[in-house]
Amino acid sequence: MKVLVQANRCQGHARCLAEGPDVYVLDHLGYNSTNIDEVPAHLADQARRGALACPERALTIVDESSGSGEASGSTPTVRRGHR
Amino acid sequence: MTTIQRGANGVPEGAPVVDFDLASHNRMADSNAAWARLRSTSPVAWSADNGGAWIVSSYDAVSEAFRNWESFRSGRAVRTIPGPGGSPDLLPINAVPAQTTALMIPEELDPPLWQPYRRVFSELLSPRKVEALAPRIKHWVTKYLDDVIESGRCDIVDTLTSGVPGAVVLEWLGFPENEWHRLGAAFHNMSAYLPGSPTAQRYLNELEWAFERIREEVTATRATPRDDLTSFFANIQVEGKQTSFEFATGMVNMAMSGGVDTTTSVASAAFVHMHYHPQDRQRLLDKPALIDSAIEEFLRMYPPARTHGRTVVKDTEFGGFLLRKDDRLIISEASACRDEAAFPDADKFVIDRFPNRHVAFGIGPHRCPGSHLARAMFKEMLTQVLERIPDYRIVEAELEEYPNWTALGGWSRAPITFTPGARRL
């Protein structure tokens with residue numbers, strides 16, 4: 001399982017950290033800076049809940065065992081360069 | 001998309017025109033019912049009230065509007081559509097009807113000017129930095145409960161939900177302790193009464209005093225910095241230059257007005273809720289681990305900020321209509337949080353609701369940077385009340401809602417009685 005972070009969507013709500021404290025990492029400003037190759041099996045639930053909790057839909061779980069990408073919700077309009 | 005022609009009075013012809021006067025919502029229940037009716041028929045509608053504005057009420061439309069900072073701006077704008085009385089007004093983001101108060105930085109800035117100031121707030125209030133404030137939060141919750149716990153009676157708003165955020169934020173800002181209550185009350189009461197009402201006019205003078213105190217403290221700490229947040233803002237370098245006096249006071253004003261009253265609103269609502277819904281209180285007492293999801297659900301059900309304003313800066317297609325430059329939007333977080341399409345059983349308190357992607361703190365780039373501090377203060381208040389005065393009851397006859405649910409909502413008074421307990425300090 002992988003977590004894809006769309007950093008330009010993250011607005012620092014930190015709900016991913018609340019649900020997945022062992023998966024997600026924030027930078028000094030509080031924005032998501034998670035960079036992991038593969039989510040270990042025992043943290044899969046944390047990763048999924050963290051992605052689902054994101055109000056900005058910035059996180060996508062890619063579960064290779066099922067061969068599908070589970071977006072955390074509908075696709076918002078992406079606007080670059082806001083921070 | 002429907003292209004809207006403008007009539008002589010600026011009213012868009014062909015748009016769903018509603019009579020949506022926020023000033024007539026004098027109770028939370030009225031406000032929620034009015035938003036629910038509007039949301040079910042016209043999630044984006046035009047209302048001539050308050051000088052004319054697009055009213056945005058569904059979860060999806062609210063989210064899209066808040067994210068579209070390129071079209072919908074937070075900076076103050078001069079009203080070009082005639083307002084009540086026909087005079088041009090400066091339009092701040094958070095007052096309905098518009099009322100000009102001191103500038104708030106960074107909330108009333110737009111990119112690119114906004115970015116460095118927002119970074120300052122994001123860093124100051126990051127989850128990591130808020131953890132360092134935990135001992136102060138715990139201290140003030142403990143002390144303020146100590147002050148009343150032997151008596152068996154208090155006004156939980158004055159004592160706790162207004163007192164604690166005031167103490168935490170004003171101590172951090174370095175304002176003298178003997179001014180905390182008066183400063184907190186100035187912001188609290190300004191939110192409670194409708195701008196223009198006689199009561200609000202009285203409190204406006206108190207708010208002017210608060211702004212004067214901010215200017216005095218910024219002046220004093222520019223000359224002689226102290227080890228506090230006011231000194232930090234007063235002397236801050238942004239992109240290599242010392243910030244202007246106006247922007248320094250705007251940042252102190254932001255920290256104070258954002259800090260002292262908003263957490264008050266949701267925490268008061270939670271204590272009122274648990275009085276009228278004892279089963280929810282009991283579930284938290286039986287299973288304290290539910291507190292984090294309960295906090296999110298209280299925020300969704302009772303978001304302190306009900307609406308925010310924006311100004312259209314370029315013609316933009318939105319909600320199936322063409323919005324024109326200089327149009328105003330009133331965007332409702334409170335309505336979005338009760339949208340059935342986003343939250344099944346939206347009017348029901350579901351203690352373990354998940355996911356709960358509410359927009360109580362807004363969404364998009366202007367998301368409340370104080371959200372982590374707000375959650376920490378709210379959690380400590382909730383935890384200690386449930387531990388120390390778990391049987392509290394609201395004195396219902398003395399409970400007072402804000403008469404104004406336009407921009408913010410809350411409770412002016414919530415007297416409680418409880419079995420007396422022991423002090424901790």
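## Overall build of chain B

Chain B holds 15 helices and 19 strands, where helices (H or I, at least four residues) and strands (E, at least two) are DSSP runs numbered from the N terminus. The radius of gyration of chain B, taken over C-alpha atoms, is 21 Å, close to the 22 Å that the globule rule (2.2 Å times the number of residues to the power 0.38) gives for 425 residues, so chain B is as compact as a globular protein of that length. The C-alpha trace of chain B spans about 70 × 55 × 40 Å along its principal axes.

This is a predicted model, in which local features need pLDDT of at least 70 and side-chain atom pairs count only at pLDDT 80 or more, while totals for chains, interfaces and linings use all residues. Residues are numbered from 1 along each chain as its sequence is written, and chains are lettered from A and ligands numbered from 1 in the order in which they are written.

## Burial and contacts

Of the 425 residues in chain B, 50% are buried, a residue being buried if 20 or more other C-beta atoms lie within 10 Å of its own, exposed if 12 or fewer, and partly exposed in between, with C-beta atoms placed from the backbone. Among the contacts in chain B with a separation of 6 or more, 71% come from residues 24 or more positions apart; two residues are in contact if their C-beta atoms, placed from the backbone, lie within 7 Å.

B:P344 lies in the loop between α14 (333-336) and α15 (371-388) of chain B, and B:P344 is exposed because 9 other C-beta atoms lie within 10 Å.

## A six-stranded sheet

An open sheet of six strands in chain B runs in the order β3-β4-β5-β15-β12-β6, with mixed pairing, two strands being paired if DSSP finds at least two bridges between them. Its edge strands, β3 (17-18) and β6 (72-73) of chain B, each pair on one side only. β6(B) pairs with β12 (residues 307-312) of chain B in the antiparallel sense over two bridges, and B:F72 has B:V312 as its bridge partner in β12(B).

Helix α2 (residues 59-67) of chain B packs on this sheet, touching β4 (44-47), β5 (53-56), β6, β12 and β15 (328-332) of chain B.

## Contact between the chains

The contact takes 19 residues from chain A and 24 residues from chain B. On the side of chain A that touches chain B, the elements giving two or more residues are α1 (15-19) and α2 (44-53) of chain A.

Key
Axes fitted to C-alpha atoms, helices over the stretch in contact; angles between N-to-C directions.
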